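Hello,

Here is the structure I promised to pass on.

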Amino acid sequence: MGMIKMTKKKIWNAGCVVLVLLLLCTVISFHVERLMRIPVEVVRGSQSEEEKAMRLARIPLSCYGEDPSTVFYVEEQEGLFGMELVAHTKEVWPIETAEDMALVPEQLDDDGLPLQIVRWSVYPLEDGDLVVVQEDGESRMLSGVNAEQLQELKKQLPGMAVCLFVLLAFMALGTWNLFHLQSRAYKRGLAGAVIILACLGILWAGLWTLEIPREYLPPEYILDVKGYVNW
Amino acid sequence: MDRNKGKKSLPALFLLALLFLFPVLYMLFRSVYTAGDGISFLSYYEVLLGRPEYLVRFFRSLGMCLLIAAGQTLISCLAGTAFAKYRFIGDRFWFAVFVLFMILPIQVTLLPNYILLEMLGFLNSWKALIIPAVFSPFGTVWLTFVFRAVPDGSLDAARIDGANQLQLIRYIITPAAKPAVVTLFVLTFTESWNMVEQPMIFLEREQDYPLSVFLAAVSQGDIGIQSVCGLLCLVPVTFFFLYYREELTDGLKDVLWG
């Protein structure tokens with residue numbers, strides 16, 4: 001009987017640790033996804049009256065990447081947390097090019113509005129990438145505003161690391177208290193749950209202050225060490 | 001002699017266990033191995049850190065299933081006590097109705113449930129999944145059989161001591177049949193965790209789908225992410241099975257062999 005109780009306690013403790021880790025991952029992953037969204041600048045095709053009548057439009061040549069016939073456009077899609085912007089590819093052959101502009105067939109979305117075509121992005125896009133529209137994205141990057149922002153962030157890093165360490169210590173304490181729920185110490189267990197939720201709440205709110213310019217993060221994965229080394 | 005016989009059957013049992021474990025082992029293998037990249041933990045990164053949608057769905061499904069399991073256990077304890085310990089007009093008839101509904105396949109009740117939920121305005125919300133599941137007849141029938149074995153003498157003694165009806169259930173009947181009640185909780189949780197038909201019919205938006213249905217649409221073609229999601233799905237069920245192993249064994253034994 002004692003052996004069974006001991007095993008139960010171990011399973012309970014392991015379950016608590018896994019649950020807290022998964023909760024922690026949930027909070028962090030929300031912010032990782034936010035940070036990893038690729039900033040893009042978008043344009044809508046410009047038209048003269050004559051072009052409008054012929055269902056043609058002009059877009060900047062910079063909309064085309066390596067593939068001379070494909071552009072990326074941004075579309076609003078319903079995600080788990082509301083509407084999110086997703087990049088998709090579309091084959092648009094230029095009819096003629098002149099002065100950095102390409103004359104193309106008119107591109108409309110489902111509502112009949114001109115498509116938001118990507119003119120510039122920090123990293124090369126792939127179909128289905130989550131993006132965020134930043135009207136002055138390119139100028140911010142080139143003017144060094146983002147570099148200054150990163151320098152400011154670097155100054156705050158030690159403080160952030162200390163706060164994170166304290167939060168993790170409190171979460172460990174909360175998890176330790178949660179272990180005692182199994183031995184019917186309800187008050188202690190409840191206190192543990194409250195500590196964990198409070199820590200997660202603070203972490204959630206605190207991570208909103210973390211704004212790393214996208215070009216200083218690796219192209220695909222935030223944990224891509226090679227990306228940081230190369231940068 | 002018997003001991004030797006037991007030892008001889010060990011390899012066969014081991015092979016059988018391996019056969020049952022094979023899908024899990026394969027999933028574990030595919031979660032870290034992709035044909036092109038070899039060993040890689042990118043799928044774990046994607047599910048646990050890269051995008052929150054998997055874990056958010058996991059916790060939403062977990063909450064829903066805990067609510068269903070707790071609700072059905074509570075309702076079944078109350079209804080099971082009524083059928084097992086009280087005599088009222090039509091008790092046998094109503095119990096027969098419960099048994100009848102229990103043996104009906106889920107596909108038969110889907111349409112009436114859909115019409116009823118539409119009338120109540122519960123469609124396209126999680127109420128459509130929770131409420132019919134909480135009032136499922138299986139638990140009531142199961143606990144009625146178990147509660148019948150609880151001696152009436154102990155209930156009479158508690159009544160003499162001043163216990164009311166709810167106290168009888170809380171302090172006498174439920175503790176006496178604890179393994180069966182726990183087994184019902186775990187089985188209900190597992191059933192709702194694996195729910196597929198109801199969300200597909202009662203919910204319109206893909207964003208509302210629980211993990212069990214969403215799993216089918218997870219990055220089709222990316223077997224690594226699918227495997228990690230599959231492993232994530234195993235976590236709560238495995239926890240409940242390991243934690244309540246003794247109660248499950250006793251609970252099933254009580255009902256199957258008395």
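Where in chain B does UniProt place the feature "transmembrane region"? The unreviewed entry puts this feature at residues 58-81, 93-116, 128-147, 168-190 and 223-244 of chain B; the positions are in the numbering used here, feature names are shortened, and annotations may be inferred rather than shown by experiment.

Please keep in mind that this is a predicted model, in which local features need pLDDT of at least 70, side-chain atom pairs count only at pLDDT 80 or more, and totals for chains, interfaces and linings use all residues. Residues are numbered from 1 along each chain as its sequence is written, while chains are lettered from A and ligands numbered from 1 in the order in which they are written.

Two of those spans: residues 168-190 of chain B are 96% helix and 0% strand, with end C-alpha atoms 29 Å apart. For residues 93-116 of chain B, the values are 92% helix, 0% strand and 23 Å. Helices (H or I, at least four residues) and strands (E, at least two) are DSSP runs, numbered from the N terminus.

Now to the interface. In chain A, 18 residues are in contact (C-beta atoms, placed from the backbone, within 7 Å) with 17 residues of chain B. Helix α1 (residues 2-36) of chain A gives the most to the side of chain A that touches chain B, namely 14 residues.

Lastly, B:Leu155 sits in helix α9 (residues 152-160) of chain B. Leaving out residues up to four places away in sequence, B:Leu155 touches B:Lys85, B:Leu168 and B:Ile172.

Best wishes

Technical notes:
Contact = placed C-beta atoms within 7 Å.
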